[in-house]
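Here is a short briefing on one protein model. Look over the sequence and the structure first.

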Amino acid sequence: MSSDSTPVTHYVAPVKEEILGVDVVKVKAKPTSMWSDAWRDLRKRPTFWLALLVVFIVVLMAVWPTLFTQVPPNSNCQLANSNAGPEAGHPLGFTFQGCDIWSRIVWGSRTSLAVGLIAMVIGSTLGLIMGAFAGFYGGALDSVLSRIGDIFFSIPYILAAVVVMTVFAEYRNVVTLAFAIGGFAWASTARVVRAEVLRVRQADFVTSSRALGRSKFGTLLSHVVPNSIAPLLVISTLSLAGAIVAEATLAFLGVGLGSNTMSWGNDISQAQQSLRVAPMALIYPSIALTVTVLAFIILGELIRDALDPRARARR
């Protein structure tokens, strides 16, 4: 370059360095889990709170019925009030026997919910045990337990409960009815648990547990079952709704609890004789049964969607 040449000045635009938010790692952020993500999704959905409110009211009625009515369900029945309409202190009117309909609905929730809860616990426990052992150990044990499950799955549990309650007619109570329902309704739960255990047992933490010397049974209890419990929670909620419907069905068929036991199924069964003259005596307990079962079903469906990351991503 010659000495008389003038220097050329180059201008460079200022560069602003930015770090994309995707690449930022928040070290101080709390790690999320499947349950926390599910709760974050559920609390944003109004239907979840509505279903939870209905379930809470039904549970409160079953545990503390005097909070909703001060009228005795049976001792205050008078034939003079047979099929009478609503009046002060009796907002839903009276049954054919002159009993207060609202009082019987409130007190009947205790029996219906108790049967549903006990049957759900029995069915879920049997399904968890059979499905977990079949899925984790595999081999001959899986074949035997799966065939036993297929046998129970092929038997309609309503029909089986009819047979059990007919044979044990002298021992008709809440526990017997719950065993008759839950003892034959566990096969579907076992299938779901087995499929989930088959998925979880391939995980690295299960292999690490076995490599550290923990026994198969210890690994099953401490690692596999806790990580397979989510589908069981969902299906248990749906099983509870099914057990409540089964109790009402058996009562309507006349093989449920005794006619002196207060339950929504018994009230529906007794009200059919005066359906033409006083239909509301049948409609009111039917509405209580439908709303309760629907709330449990919606709750189960929402929990299932919240625990599924793919379902959350689609919304």
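Which residues of helix α5 (residues 157–167) are buried? In this predicted model, they are Ala-160, Ala-161, Val-164 and Met-165. Seen down the axis of α5, these buried residues fall within an arc of 130°, so they line one face of the helix.

**The two sides of α5**
- Cover for the buried residues of α5 includes α6 (174–182) and α10 (229–253).
- The face turned away from the buried side of α5 carries Leu-159 and Val-167, which are exposed.
- Leu-159 has a relative accessibility of 52%. The cut-off for exposed is over 50%, so Leu-159 counts as exposed.

**A nonpolar surface patch**
- Leu-159, a residue of helix α5, is one of the residues that make a nonpolar surface patch.
- Val-163, Val-167, Phe-168 and Tyr-171 also belong to this patch.
- The area of the patch is about 530 Å².

**The loop residue Val-277**
- Where does Val-277 lie? Its place is the loop between α11 (264–271) and α12 (280–307).
- Is Val-277 buried or exposed? Val-277 is exposed, and its relative accessible area is 68%.
- Val-277 and Phe-96 are 181 residues apart along the chain. Their C-alpha atoms are separated by 9.7 Å.

Conventions. Residues numbered from 1 in each chain as written. Predicted model: local features only at pLDDT ≥ 70, side-chain atom pairs only at ≥ 80, totals over all residues. Heavy atoms only, no water. Buried < 20%, exposed > 50% of the residue type's maximum accessible area, 1.4 Å probe, protein only. Helix = DSSP H or I, 4+ residues; strand = E, 2+ residues; numbered from the N terminus. Arc of directions from axis to C-beta. Contact = heavy atoms within 4.5 Å. Patch = residues over 30% accessible without salt bridge, like charges linked within 9 Å, V, L, I, M, F, W, Y side chains within 5 Å. Areas by Shrake-Rupley, 256 points an atom, 1.4 Å probe, with all protein chains shown as cover. Salt bridge = Lys/Arg side-chain N within 4 Å of Asp/Glu carboxyl O.
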